[in-house]
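Please work through the exercises below with the sequence and the model open side by side. Each task is followed by a solution that goes step by step.

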Amino acid sequence: MKRVGIIGVGNVGSILAYNLALNNSCDEILLKDIREDFIKALSLDITQASISNNSKTVTKAILENDVFKDCNIIIITAGIARTPSMSREDLIIKNANILKNILNDIIKYNQNAIYIIVSNPLDAMVYTTLKYSNLKNNQVLGMAGELDSARFKYYIKKALDFKVNNIEAKVIGAHSNFMVPLVSSIRINGKKANDFLNKAQLEKIIENTKNGGANIVELLKTGSAYFAPATACSRICNAILNDTKEKFICSVKLSNQYYLEDAILGTSIIVGKYGVEKIIEENISENELIALKKSAISISESIKSIDLLIK
Ligand SMILES: NC(=O)c1ccc[n+]([C@@H]2O[C@H](COP(=O)([O-])OP(=O)(O)OC[C@H]3O[C@@H](n4cnc5c(N)ncnc54)[C@H](O)[C@@H]3O)[C@@H](O)[C@H]2O)c1
């Protein structure tokens, strides 16, 4: 029996549940939110969508935490989302408190699941999860690098008038303006970035990638992006459920990769049934390494406020 729990079923959580259900990814999806009637409605609607799509996945609304005991994966997307005037950092104390309370309620029933954190500020929430649980480092991963990389690829494709399909590109580091889009990682039809894009174009692509989330927030006015985040998250879930050992970029606790001991930030990892099965150090340029160090410092600064303000 494969079970996925989703705690916090707003925009990201509901699209994630829908995605997993339609694709027959697991036997059961358990939804929990402070909006109880809302998740009861969603569980009916999504299960009926499953049936319509010949998927066996059943989605259930959960009111008691002990039901999460058999989940293979627990995804936490609870919290408040950014509004146009807010940075991800503004969210930190509010969402860290929400996350700490959820962990307090859930971990005692399930210490074996892989926990995927989505709530922002992402890297600080991964830290909060590790700090307020006894989960092992491999059990906790934050979803963001896959989303930022999708945005990086989008702006590369856009600069090339969407005429090229075969694009590889990675964004590592913090899920914030300190993210590190790796120009060294870009491959367009197997060739390096400089064969297709000049310096000014690359600088614009990097700037757009860093502002990718904020642009959507600005237009939506009432929240942040959800289709691309939910899609990235469902791909990670499928890798865990099917033990695929695929490569993803997720926020995890490093163990001296990039000379960064104990830092939490987005990096390439291999994902399987044990969660983070291997951390991969990409071959990055010296400038990218400098940017990554700044990224790690920015995360450790935001983590300080959690240590100071969360009792
Ligand atoms: N990591 C990423 O790349 C990424 C991308 C998009 C959004 N996010 C973040 O994910 C979070 C969710 O985004 P969203 O767009 O789905 O927001 P949303 O407001 O639509 O959903 C949040 C949900 O959390 C619920 N909630 C609040 N407190 C709760 C609690 N104590 N227990 C259970 N549920 C609770 C709310 O009722 C709501 O349904 C936000 O923090 C957002 O910033 C992260």
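This is a predicted model: local features need pLDDT of at least 70, side-chain atom pairs count only at pLDDT 80 or more; totals for chains, interfaces and linings use all residues.

**Exercise 1: the second pocket**

Find the helix that gives the most to the lining of the second largest pocket.

Solution. Then turn to the centre of the pocket, where Pro-181, Val-183, Ile-206, Glu-288 and Ala-291 lie nearest among the 16 lining residues.

**Exercise 2: the largest pocket**

Describe the lining of the largest pocket by element and by class.

Solution. Begin with the volume of the largest pocket, about 890 Å³. Of its 40 lining residues, Thr-77, Ala-78, Gly-79, Ile-80 and Ala-81 are the closest to the centre. Helices H1 (11-22), H3 (92-106) and H5 (145-159) each give two or more residues to the lining, and H3 has the largest share, with 5 residues. By class, the lining holds 16 nonpolar, 16 polar and 8 charged residues.

**Exercise 3: the core**

Which residues touch the most other members of the largest nonpolar core?

Solution. Among the 83 residues of this core, the ones to select are Ile-6, Ile-74, Ile-75, Ile-76, Ile-116, Leu-141 and Ile-236. Helix H8 (residues 227-241) contributes the largest share of the core, 8 residues. Taking Leu-141 as an example, and leaving aside neighbours within four places in sequence, its contacts include Ile-116, Val-126, Ile-236 and Val-276.

How values were computed:
Residues are numbered from 1 along each chain as its sequence is written. Side-chain values use heavy atoms; hydrogens and water are left out. A nonpolar core is a set of buried Ala, Val, Leu, Ile, Met, Phe, Trp, Tyr and Cys residues joined through side-chain atoms within 4.5 Å. Buried means under 20% relative accessible area, exposed over 50%, partly exposed in between (1.4 Å probe, protein chains only). Helices (H or I, at least four residues) and strands (E, at least two) are DSSP runs, numbered from the N terminus. Contact means heavy atoms within 4.5 Å. On a 1 Å grid over the protein atoms alone, a cavity is a set of points where a 1.4 Å probe fits but cannot get out, and a pocket is an open set with protein on both sides within 12 Å along at least five of seven lines; lining residues have an atom within 4 Å of a point. Grid points are joined across faces, edges and corners, and a volume is the space filled by probe spheres set on the points. Ala, Val, Leu, Ile, Met, Phe, Trp, Tyr, Cys and Pro count as nonpolar, Asp, Glu, Lys and Arg as charged, and the others, Gly among them, as polar.
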